[in-house]
Amino acid sequence: TLSPALATFSPDAFVHDYLAEFMDHLVEKMAKSSRRGIAFLAVGQMAVAVGRAFVPYLDRVLNQVHDALNPKSRRGLCLEALPCVSSLSVAAPGPELLCRFLPSSSGLNADSLNPPELDKCDLLERMFDTGLSKALIDALEQIGECVPSLLSHIQFRLVEECSLILDHTVYRVPGSNGNDGLFSGSSSGIFPKSWNSSHKEA
C-alpha cells in the first residue's frame, strides 16, 4: 500500500484530504482480508507519519489489534499486529493509548474521555498471550521507551514469563514471601497484583 509513503511525504495534506478514507479501507482489510498483516504494518507506519492526528482512530485500530493477537481466534494469530501497536506508541503515547494497555480493573479506563470496551483493555496481557518472540520483545522495547509508566510492568511480566519457561514456576524474589517482590507491578500504585492471577494459576 502507498498510504504510508503519501503520509510521510506530506503529513498535513494527507491528514486533511486522505486519512479518513484510507483508515476506513485499512480497518476493513485488518478485519477481513487474508492479507491483513500488510494492513497492520501500513497502519503503524501511517500513524508514525501523522503523529497525534492519529488519535481519533486509535480505538478502531486497537480493537483490531486485540482480536488479531487472540490465540483462540479462528483466523489465527496475526503477529504483524505487534509492530503495529509499537508504532502507535511512537505516534500517540498519551492517555488514550495508555488506558488500552491497562486492565479495566486499573480504574483509569473509567476516567478516560471515551472509555473503551472493557473486554478490549489489558492489551499488554494479550500481547504476552502470543508467546515470547523477537517480534514481541521488539514491540515491548519500543512501548517501554514511549510509554515509561508501563516500563516496570513490562519488565515484571518479562521476568515472570522467563521464569515460567525456564523453571516452570512464577518468579519470586529470593527471600521474599511472594507479596513484596522487587519487580512487583503493583509497587507503582498503577498495576494491581490481581493482574497476574491468571498466570499464577497456570
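**Note on the helix packing of a predicted model**

1. Leu82, Val85, Ser86, Ser89 and Val90 of helix 6 meet Ala135, Leu136, Ala139, Gln142, Ile143 and Cys146 of helix 10, where a contact means heavy atoms within 4.5 Å. By class, this contact of helix 6 with helix 10 comprises eight nonpolar, three polar and no charged residues. Here Ala, Val, Leu, Ile, Met, Phe, Trp, Tyr, Cys and Pro count as nonpolar, Asp, Glu, Lys and Arg as charged, and the others, Gly among them, as polar.

2. The structure is a predicted model, in which local features need pLDDT of at least 70 and side-chain atom pairs count only at pLDDT 80 or more, while totals for chains, interfaces and linings use all residues. Residues are numbered from 1 along each chain as its sequence is written, and side-chain values use heavy atoms, with hydrogens and water left out.

3. The chain contains 12 helices and zero strands, and its elements run α-α-α-α-α-α-α-α-α-α-α-α from the N terminus. Both kinds of element are DSSP runs numbered from the N terminus (helices: H or I, at least four residues; strands: E, at least two). Of the 202 residues of the chain, 44% count as buried; buried means under 20% relative accessible area, exposed over 50%, and partly exposed in between (1.4 Å probe, protein chains only). Among contacts in the chain with a separation of 6 or more, 63% join residues 24 or more positions apart.

4. The axes are lines fitted to C-alpha atoms, for helices over the stretch in contact, and the angles run from 0 to 180 degrees between N-to-C directions.

5. Phe40, Leu41, Val43, Gly44, Ala47 and Val48 of helix 4 meet Ala81, Pro83, Cys84, Ser87, Leu88, Val90 and Ala91 of helix 6. The residues of this contact divide into 11 nonpolar, two polar and no charged.

6. For helix 3 (residues 19–32) and helix 5 (residues 58–68), the packing angle is about 15° and the axes are 10 Å apart. That makes helix 3 roughly parallel to helix 5. Their crossing is left-handed, that is, the near helix is turned anticlockwise from the far one by less than a right angle, clockwise being right-handed. Helix 3 contributes Met23, Asp24, Val27, Met30 and Ala31 to the contact, and helix 5 contributes Arg60, Val61 and Gln64. Five of these residues are nonpolar, one is polar and two are charged.

7. Eight of the 11 residues of helix 5 are buried, so this helix is largely enclosed by the rest of the structure. The buried residues are Leu58, Val61, Leu62, Asn63, Gln64, Val65, His66 and Ala68. Their cover includes helix 3, helix 4, helix 6, helix 7 and helix 9. One of them, Leu62, counts as buried at 1% relative accessibility. Leaving aside neighbours within four places in sequence, Leu62 is in contact with Val85, Leu88, Leu97, Arg100 and Leu123. Its C-alpha atom is separated by 7.9 Å from that of Arg100, 38 residues apart along the chain.

8. The largest nonpolar core has 47 residues, of which Met23, Phe54, Val61, Val65, Phe101, Met127 and Leu150 touch the most other members. Such a core is a set of buried Ala, Val, Leu, Ile, Met, Phe, Trp, Tyr and Cys residues joined through side-chain atoms within 4.5 Å. Two or more residues each come from helix 3, helix 4 (36–50), helix 5, helix 6, helix 7 (95–101), helix 9 (123–128) and helix 10. Helix 4 gives the largest share, eight residues. Not counting residues up to four places away in sequence, Val65 touches Phe40, Ala81, Cys84, Val85 and Leu123.

9. Two further residues may be compared. Leu124, in helix 9, counts as buried at 0% relative accessibility. Beyond residues up to four places away in sequence, Leu124 touches Phe101, Leu140, Leu150, His153 and Ile154. Ser149 is placed in the loop between helix 10 and helix 11 (151–167) and is partly exposed, with a relative accessible area of 31%.

Methods. Angles under 35 degrees count as roughly parallel, over 145 as roughly antiparallel, 65 to 115 as roughly perpendicular and the rest as oblique.
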